[in-house]
Amino acid sequence: MAAAVERPDDRVRTAGAAKAGDLAAFETLMRQHERMVLVTALRLLGNIEDAKDASQEVFLKLHRNLGKVEAASNFSGWLYRVTVNVCHDMRRKSKASVAVEDMPEPASAEDDPHQSAAGAERRRVLQLSLRLLSEKERAALVLRDLEGLSTGEVARVLGSTEATVRSQISKARVKVREFVERYFRRRV
Amino acid sequence: MNCKDWEERIALYVGGDAAPAEATEVERHVSECAGCQVFASGMKQSMGLLREEHEEPLDEAHYAAVRARVIAEIRTERAPWRRRAWLCGLVAGAVAALVLVSVRQAPKKRVEIARVAAPQASGAAVVPAPNANPGVDRGPGGPTHIRARRPMQRRQPAETVLVKLETDNPDVVIYWIAERKGDGMND
């Protein structure tokens, strides 16, 4: 998978140590995959606090299932699948609307106010456009276009077919494009 | 075919998800259609904008917070097992010590039996058994055998009987509550 560079030997060794109770090894495993899990959850849920809760749940599930995951060839795929499922459960339970205001500032906040304003605008566009999509379209678009998975990998993560994923992605891209065009036309 | 019908096919083509034959068709149409050229260009821009923003790194503090919460949760999940294991060890030790003490004291023990019908709500009255009680068989240095003997008094149905066993050790007294029904003694 494109999102996380995996070296299976290292990962299996680290997962084995973590399974044996080595918390430092488990922390290493988290550090290797935390960006992937947290950012995916942030795109799916729309606010950073929910995304952090989801990430916590995903890593706790990982810890409880280290035995199964240790041998799995597609470790990132497993993590993406669990992340999508946890986010789905959280949305279903909370039914909360996506709060764009909760979007975190990036780590490299630009000093130039114009650059900073442009960055804030991009963040706003990204979040608002994702809100337009159905949950399945959003998951497909986030995994394919933002996380860079292939359509086959997205289909496996979502438990769907490639044809369905292609249909979801194409619809999502058209909706996002229309939103972006309208948004900037209005701003100009 | 209306240009609206080309939009989703163009969306797949721009993202590199169109099959080769479909990609060729889309390329041919876009090269001939000014409207679809604008649409394809806008599609590339919006996808680029989203990806660019998505790749902005998040503040490290968010990751650190998640790591800290997960590690704390794992430690909490482990803690009850440790506490339980410590408690089990303590109980096992206490039981072993008791068994050891009772085994050492067993040959010296002299047991006297008294049996009394328990009063309804008051404490049990204890009547010491005579030394020549045939219900108690004491072998010299051997194990002590206790045999229950029927009381002489007339029985009432479902009468409760409290048996008190006294040993030489004043701290060790054994109570035995039995219910007597009809002729037999059920306990």
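Leaving aside its neighbours within four places in sequence, Leu143(A) is in contact with Tyr80(A), Leu149(A), Val154(A) and Val157(A), where two residues count as in contact if their C-beta atoms, placed from the backbone, lie within 7 Å. This is a predicted model, in which local features need pLDDT of at least 70 and side-chain atom pairs count only at pLDDT 80 or more, while totals for chains, interfaces and linings use all residues. Residues are numbered from 1 along each chain as its sequence is written, and chains are lettered from A and ligands numbered from 1 in the order in which they are written.

**Nonpolar core**

- Leu143(A) is also among the residues with the most contacts inside the largest nonpolar core, together with Ala41(A), Val58(A), Ala140(A) and Ile10(B), and this core has 61 residues.
- Such a core is a set of buried Ala, Val, Leu, Ile, Met, Phe, Trp, Tyr and Cys residues joined through C-beta atoms within 7 Å.
- A residue is buried if 20 or more other C-beta atoms lie within 10 Å of its own, exposed if 12 or fewer, and partly exposed in between, with the C-beta atoms placed from the backbone.
- In soluble globular proteins, nonpolar side chains tend to be buried together.

**Chain A and its confidence**

- Chain A holds nine helices and zero strands, where helices (H or I, at least four residues) and strands (E, at least two) are DSSP runs, numbered from the N terminus.
- Of the 188 residues of chain A, 40% count as buried, and 68% of its contacts with a separation of 6 or more are between residues 24 or more positions apart.
- The mean pLDDT of chain A is 85, and 81% of its residues reach 70 or more; pLDDT is the predictor's confidence in each residue, from 0 to 100.
- Over residues 1–5 of chain A, however, the pLDDT is below 50, although this stretch has 14 contacts in the model beyond near neighbours in sequence.
- Where pLDDT is low, the predicted coordinates should not be read in detail.

**Helix H2 of chain A**

- H2(A) has 23 residues, yet its end C-alpha atoms are only 28 Å apart, short of the 33 Å that a straight helix would reach at 1.5 Å a residue, the expected span being 1.5 Å times one less than the number of residues.
- H2(A) bends by about 55° at His33(A), the bend being the angle between axes fitted to the seven residues ending there and the seven starting there.
- Leu45(A), found in helix H2 of chain A, is buried because 26 other C-beta atoms lie within 10 Å.
- Not counting residues up to four places away in sequence, Leu45(A) touches Asp50(A), Ala51(A), Ala54(A), Cys87(A), Met90(A) and Arg91(A).
- The helix is followed by Gly46(A), whose phi is positive, near 90°.

**Contact between the chains**

- The contact takes 35 residues from chain A and 31 residues from chain B.
- On the side of chain A that touches chain B, H9(A) gives the most, with ten residues.
- The residues of this side divide into 17 nonpolar, six polar and twelve charged; Ala, Val, Leu, Ile, Met, Phe, Trp, Tyr, Cys and Pro count as nonpolar, Asp, Glu, Lys and Arg as charged, and the others, Gly among them, as polar.

**Chain B**

- Chain B has four helices and six strands, which follow the pattern α-α-α-α-β-β-β-β-β-β along the sequence.
- Of the 187 residues of chain B, 11% count as buried.
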